[in-house]
Structure formats: structure tokens, C-alpha cells
Amino acid sequence: MPEQRTQYHFLKPEDVLKLRSYEFAPRMIVDGYFAGTHRSSHKGQSADFFDYREYSPGDDIRSIDWKVFARSDRYFVRLFEQYTDMVCYLFLDSSGSMGYGKPFTKLEYCSFFAAALSYLVIKQGDLVSVTVTDDGIREHFPAGSTHGHLTNILNCLERNRPGRRTNLAQALLRATPLLKKRGILIIISDLLDSPGRFFTALNPYLHRGFEVMIFHILHPEELKMPPRGYVRFEDMETGRHLTTDSDTILKGYVRAVEQARLNVRALSIRKGVTYTFASTQTHYFNLFDEFTAKRGRSTAARLNGIR
Amino acid sequence: MALSFANPWLLSFLALGALPVLIHLFARRRPRRVPVSSLYHIRPVVKQTQKLRRPRDIIILILRTLLVLALVILFSRPIWHPKRSLARSSQTNRVALLIDRSLSMQCNEGGLTRFGSAQAAALQVLEMLPAGAQANIVWLASGYETTADKLTDNIELLRRDIENKPVSYEMASVQPALDKAVELVSSREGGQVYVISDFQTTNWKNADFGRLPPNVQVLNIVVGRRQTPNHSIGKVEISPASPVAGETFRVACTVANMGPDPVEQEVLLEVGTVIRQEKITLAPYSQGNVSFDCTMKKRGRFPLKVSVSEDNLSADNTRYGAVTISPSIRVGVCGMAKDAGLRLLKNAIATSAREAGTVRLIELPMQALETADRMGLDVILLYGWDGRGPAQVAAAITASKATFVWVLPSGPGGARGIDSSLFAKCGVDLAVGAWRRADPGKPLSMAVADPKHPLVGVFDGGRSGDMGLSDFRGAFQVTGDGGHTILAYGDDAPALVSVDLLKRTFFLWNIALDPDTSNFANSNTFLPIVQELVLQNRIQKGHPTFVTGDSISLPLPVDTDAASLGLELSQGGKPRQLPQRRAIVLPQKGQLRVFLEKAEEPGQYRFSDRSGTIHLVAANVPAVESDLRCLEKEKLQRRGSSSALMLGKESIRSIHKGIPLWPYFLACGIVAFLAESILLAVWKVKE
């Protein structure tokens, strides 16, 4: 039995109220098992006519358009749009580095976003799957769309703590057999890992037709390191330390972080992955706004193209 | 070599040099702990910047450490003593200065003479002496002289002496002066001898430092460059030494080049009103000869000067001399046998006088032989003397300066023959025997026995006739090895013999001149041999020459007005009257002499009274001083004993007080500070 709580830290009632006005939809056509609100790649029964196709043996004769037969003396079957449900796979990076930041950590920030997203997906009747990763898979929730499923996810987020090193590539590779149905793959991480390996690990998903979305979350101090003088930097993931004069590396560090961000962005564009960057300073609702805006533009374009 | 510190206690602060290192290490070990999400982006950046940062840190650390160390050492006032040992305090209290004032110290190097440098160095040494120190100066020249009898604490006296002492024209006689200087400080306490000299190789190569007492330290202060080019006039010779008026005489002189480069020199001769000039090219460190042929018609004493262009050492560029032009060669003929031979001999001399105008025949009675010198005779011919009485003949031969020619009689010479005991008395192995008559059908013939002898040079190649054409019916037998046969008869019997008698040349003429005995006096060889005999054997009345530093002592004629005796020194220009006291007339063995203690300067010294010039002599600088090459540093050190040091004049101060090093450390500190500031600024701008 899922744990019953009246209030969750990462999904407060006021957040639920705000989320009413949001909608989360894939920009692609999905493969679902059940009827839903999303256009399916399969054609089936619905009110939306899609196209004609010449009859071939085995087709349901009920789908033959007799009026066309009367005019052309040929058998054509009518095709209709099929609407199905969507599966949203959430990958939440819970490595040690995600524990960085004040007043709330990157992990907390990402948890807020993941909870809201999960709620949103389930609210519109789709399925959501959550995978908590560090250098592997720490916790995995298969796709579900029930309230209980949401409760389980929220409970998981509540107890989740920063883990070991970041190794998203490893986690993605291991999760490949777990993600059976094509859907939306959302990765929420600080991406403090080799982008090359990470994008290599994404290849099987992209090949299978997943829509991949990356939310790159960093703390403001990670973007612009404040001058601290002679310091010993301690790695939160590995415990390793490095002593240096931070003032002397400030410029180099900022340049390196910016370069890494641009690198990930460029790779995302090349792979057809949606890349969204945010610092923990901005409210996670803004992510939805930006995300929605991006999706609105791209989905419309895509759908127009299909038609 | 030694290093000492004026404030050695401050050296303990050298530990402060560790301060920058400690600060560096301290700062490094206490960094602020800053957790970061990951070192993923930080590590490569740090790696890149550390590459530059680490050497910078080390450079800054070194500069700061250097700065601190330089400051500490600066205030410790280090003093460097460049030579291995400092004299003990007792030694520095007793100092003798041996200062070279020989001619070579006149050499001008860069606007300052070596002696000037030596004076400056000596004054510096005096200045360095501690209070209560005793010192003395030994002046080095041909002899030595000291400022005080022994070591004195009157340093002011020594200082004045150094300032006022002139450089000499003399050569350096090193060893006695060195021994004197060592003797001055040789005592139980020991002392120091500062030798301030150019260490001219020619004078110092044999100096012996090896016998120094163990408590005497010798410090050599070199004031000259090792190689300074110089050229000089060396020996001057006049031939003949006393030419007669109208006779050509030759002035030959040596020109030396004491420099590493070849030089071309113009040599100028001035004698009386005659001026001659010759050019000569000399290889490095070599000498050559230049000769001038001159003729003077006036008789008298003339100063002579040979010079080359002036150089760093001008004193040796001129050499002085004097030449006396005689009116004629005075030949005295004392005839003791009145035969035709005497007439022919006189005729021959008279003919020579007519032809050359240089010979004057003087009939000399036997009684006047004693006064031959006063008559100024150059050659005396004793014709027909048989070797016996009168006594004044033998006395005149031994006493007179004139050249005697003993012309043996043209016949047996009476029953007693010839007495040649004169030779035996003078220690010469020569004897005149009996008359040897020749076979009537086979007369004696004569030939040149020594073709190289100058007398018979005129017969070379038959120019002046053939000796062999004369016939002789007889001749004296001459035996013994004491003479040198110039002409001889066919049977090798001597005909003309030169004998070294009482350090003068004496001729024995065994050639019959009487026409009854020989036809030689009528032959064409007779006149040339007589002329050569007279011309070549006149008295060489050359002028004595002295070297500067020598004392001059000359005889005076008995009728000299000693009260009006004066002395002039001429160096080419207007003669300079020297103080009267320098010429002292000393009655010596009944003879008046003029005496000058020391010829201090080169030039012509003219002694004269109211009647005119009595003596004209020249004094010249010693040729040995012209070679200005100095001993090599290493050789001088090797020559020295263990306590002999070699110093440049600039390091005299360092002997006692050492070289203060604080300015160098101050400079070092400033440089370190500036370098640090500049580097930090540059790095900041770069970052």
C-alpha cells in the first residue's frame, strides 16, 4: 500500500492549483495501448478522418467507403486518426553533485519539477514513469497513471537523497530494457558528466523514436563562482579535494562552464533533443512556461508537416 | 680571500630569510574549505592555471627571500678581503715603502706617469696606516735613499717627501734597495714592505724575494701596463772619434723599437750646425743601425744630439754626445839617424799633409819627447833609434798617449846592434836580433802578411801598388810571439809588427828606407802605408760619455781658474746653468779635478772657466730602462715568497680595510624589490 500523506513537500496544494492551467503533451505521435488524448501512430476508430487507402484483402469491409466505390468502381477503405495514451519517462539525476545549493539544492529543485510534471501527466490521463539515478539506477517506477502511482512517485521524491557520482550514461544504458514503450524521455540533471558518453547512451532511445527532453539545472554559484581566495574545493560526489587560489581560476571556470553548456546545447540540436537550461534561481514553473512555448512552436510545425 | 662583518651579531637575523618561505607554506596549508558539486569543470582550469602559477610563486618566493637576506647582510656590513691573508696588526704598524723612481717610471700612460700613479698609491698606503704606525720610504734608482734614517712616526714628513720627490733618469738597482726596505722592518714585531713599481722586466727579473724574514710581508703594487710601446736611441759611435776639420766622419747610432708593432722612425742628427735625417723601419722588439756621414770644416768642440720622435717615454728619445774637430793630425818625427831614409820619410808625411790637408809634420828633437803630450802629438815616429839612451826616450814611450812607430835603422846599427829590451820590460815577447844581409843576387822581397789588417786595406786588389816589387838588401831579425805581423819578408821574417804595449798600439818598423838598402821608399806603396799608419793610429780623443746617475770626475788643466769654474747643462735648447756647488775642484795627487756628484739629467755638461770650455761631456739615460715591458703577474708572484702579494693599485684600500660589500647587497635588495613589483604588475595586467 502506498504511503498516504496529506501534504507533500514537492507538490503542495497551491502548486496543484497553479498547475491546473498547464498542459503537457508530446510533440510527436505516440504509441499507446489505450485510448487517450494523443494522436497515435496507428490508425483506428475515431471521428477524425485521415485518408483513403485502396482495399487490400484482410481489411475490415466495414471500413470500405461505398460512396467512393459507387463513383469509381474501386474499393477504398477510410482511415481515421487513432487517439491513444502517452508514456512519459522521467529520469531524475540524484547524484552527489545534485545536493549542492542553498537555500534549496538542485535535487530539491528538480524534485519540485518532477513532481509537478508527474502530476500534470497523470492528471491528463497519461502514464508517467520515474527513474532515480546516480551512477546507476537507484529507483525505478514503471509507467502508471493512477493516483496511487503518483503518490508512490511523490513518496519516492520525498525520501530521495543525493547519492554517488553522476553517471547518466550508465543509468540510461541500464534502463533501456525497462522502457519498453516509446514515449517521452525527460532527463533532469546538472550534466556534470562527459557529454559525449551521455549522448551516446541516448542513441538507442532516439533510434527507437523516443522524444528526448533534457532539463539542465545548475545552481547560480556554479555558473559564476564567487571569489573566495585561497580555498580547498571539495567534490561532493567523490570527496576529492583541490586546493587553489579561486580568484585566479574564476575567469577560466566561468568560461569552461559556459563552454560545456554550449557544447551540450549543440549536441542536443544535432541529435534532435530538446534542451532547456535553468538555474535554481528561477522558479520551476518558468520551466513549464518556457517548455510549453517551445513545444507549442515545434509541435505545431511538426503536425502541420505531417498533415 | 676572506669575508668579515662589521656587525656580525646581525647575521643571526639571516634566519628571517626563512620567513617568506614559512609564510608561503603557511598560506598554502590553511585554505578555506569550499564544497563544490563537482570538480569536473574546476580541475582542468586549475591544471591549466597552475602551470603558470607555480613558477610564478617560486619566482616571487625566491625574490622575497633574496630581499630579506640582502637586507640582513646589508646591515651586517660585510667586508671582503680579496687577498688570502691580512697582515697582523703588529705588521701593519711597521711599514716600509719601496718606491721606484727609475727612468721607466717617467712613462706616460693615459695622461699620468707611472711615477704619478706610484705617488698616489704610496699616499694611499700612508693614509691607510693605523694611528701610531711607523713608516719610512726607500727611493729606488741607481742607488737607494731613504726619507728618514729609520722608521718614523712622522707620516707628514713622508707624505711631503712623496709629493715633492722628482722621478729620476737613472736605472733601478733593485736588490740593495729591496734589502734595505726589508732591513727597515726586520725586527721582532715584523712589518710590511710595499713595493710600488712598474716591475720592469729588465730590472726586476733577478730580484730575489725569497730570502725574506718570516715576519715580513711584501706587497707588490704594480703601477704600469704590462706592454707599453717605446722606441729609443741606443748607442752612438763616432768614427774616427776625433776627426780633423774637413775630414768625413761617421756617426753611427742604434735605434730600438720596444713595442709589439713595427714602426718607422725618422732619426735626426744635430752636430754643430750640421743636421742630418734618416729613416729606419724597425720590426717589433728589434733594433737597427743608422749612420750619418758628416764633414765639418770648423775645428773645436761641438755638442752632438741624435733624436727620434717623442713617445710615452721621452727621455730616451734623445742621446747626447760631443765631438771635437781637430785642426790636423800632428805627427812628430824624431830623427836619430840622419840618412836619406829620414828625408824620404819626412817627405812622405809632408806629401800627406799637402794631399789631405789633415796631417801636420813636426820636427821633434829628442829632448822634446817628454813634452810630446803637451804638444798634442798623435803619432811619433822614432827614426833610426837603436833602443839605447837617452833615458827620456824610453820614458816618453811608456808615458805618452801618442802612438809610437819605431823605425829601425836602415843598416846594422853599429857594433852593438839594436837593444829591444824595452819590449821585455813591458812584458812583450818580442826581440830585435842582428842585421840579416840578403844575398846580393837574391834581395829580400816583402808582402802583406795579414790581408785583413786595416793598415793594408788600401792595397786590396793592387789599388795602391804591389809590395812585392820592392827589393831589400837586408833587414833585422825579429823574433818572438808578442807582436802581430802585418807585413813580412819572403822568408816570413816580420817587416811591420804591431805590438800591444802598455795598452797602446806600438809599431815596430823593420823596413829599411835608405835607398842604399832598399828601393821601398821610392816605390808607390810607401806613401799609402805611411799615410794609413798616421791616419789610423792617431790618438782617439773622444769625449767621455756618462750614464745618468754616474758621478763625473775629470782632470783640469793646471792653469784652470778654479774660482770661475762653471757648469752648464744643455739639452738642445738654451744651456742651463747648474749650481756652482755641483762642480767641486779636488786637488788629487797634485792634479786639479772637477767632480760632479751625480749627473742627474741627460744632456751635455760643459765645464768652463773664464778662458773657455774645458770639458764637454755627455750624460745619457741608461738604455736598459727603455724596455718598458713589465713582469707578468704570475711570474712576479712566483718570484715572491709566500708572503708576497700582487695587487692592483685600485685595491690598496682593501689591504687593510677590505672592500665594503653593503652597496652591492643594497643594490641586490633594490633589484629584488623592483623585480617583484614589476613581475606582479605584469602578471596582474596579463590576468
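In this predicted model, Phe233(A) has Val34(B) in β2(B) as its bridge partner, within a pairing of β9(A) with strand β2 (residues 32–36) of chain B that runs in the parallel sense over 5 bridges. Around that point 21 residues of chain B are in contact with 32 residues of chain A, and the area buried between the two chains is about 2400 Å².

**Where chain A meets chain B**

- Of the area of about 2400 Å² that is buried between chain B and chain A, carbon and sulfur atoms give 63%, and on the chain B side Val34(B), Ser37(B) and His41(B) lose the most area to chain A, together 25% of what that side buries.
- The count between the two chains is 1 salt bridge, and Arg33(B) forms a salt bridge with Glu234(A) in which the closest N and O atoms are 2.7 Å apart.
- Strand β9 (residues 230–235) of chain A, which pairs with β2(B) in the parallel sense, also pairs with strand β10 (residues 241–245) of chain A, here in the antiparallel sense and over 5 bridges.
- Within the pairing of β9(A) with β10(A), Arg232(A) stands opposite Thr243(A); the two strands form a hairpin with 5 residues between them, and Gly239(A) in the turn has a positive phi of about 80°.

- Strand β4 (residues 87–93) and strand β5 (residues 127–133) of chain A pair in the parallel sense over 7 bridges, and Leu90(A) has Val130(A) in β5(A) as its bridge partner.

- Chain B has 14 helices and 37 strands, and buried residues make up 50% of its 687 residues.
- Among contacts in chain B between residues at least 6 apart in sequence, 75% join residues at least 24 apart.
- Ser626(B) is found in the loop between β35 (612–620) and α12 (633–639) of chain B, and counts as buried because its relative accessibility is 2%, under the 20% cut-off.
- Leaving aside residues up to four places away in sequence, Ser626(B) touches Gln200(B), Asn230(B), Ser232(B), Met258(B) and Asp316(B).
- Helix α11 (residues 526–536) of chain B is mostly covered, with 8 of its 11 residues buried; among them are Phe526(B), Gln531(B) and Glu532(B).

**Salt bridges**

- A search of the whole structure finds 31 salt bridges over all chains.
- Glu676(B) forms a salt bridge with Arg64(B), the closest N and O atoms being 2.6 Å apart; Glu676(B) lies in helix α14 (residues 662–686) and Arg64(B) in helix α2 (residues 42–76) of chain B, so the pair ties together parts that are 612 residues apart in sequence.
- In that pair Glu676(B) is buried, with a relative accessible area of 10%, whereas Arg64(B) is partly exposed at 37%.
- Lys598(B) forms a salt bridge with Glu170(B), the closest N and O atoms being 3.3 Å apart; Lys598(B) lies in the loop between β33 (591–596) and β34 (603–609) and Glu170(B) in the loop between α5 (155–164) and α6 (174–185) of chain B, so parts that are 428 residues apart in sequence are tied together.
- Here Lys598(B) counts as partly exposed at 26% relative accessibility, and Glu170(B) is buried with a relative accessible area of 3%.

Technical notes
Residues numbered from 1 in each chain as written. Chains lettered and ligands numbered in written order. Predicted model: local features only at pLDDT ≥ 70, side-chain atom pairs only at ≥ 80, totals over all residues. Heavy atoms only, no water. Pairing = 2+ DSSP bridges. Helix = DSSP H or I, 4+ residues; strand = E, 2+ residues; numbered from the N terminus. Buried < 20%, exposed > 50% of the residue type's maximum accessible area, 1.4 Å probe, protein only. Contact = heavy atoms within 4.5 Å. Buried area = accessible area lost by both parts, 1.4 Å probe. Salt bridge = Lys/Arg side-chain N within 4 Å of Asp/Glu carboxyl O.
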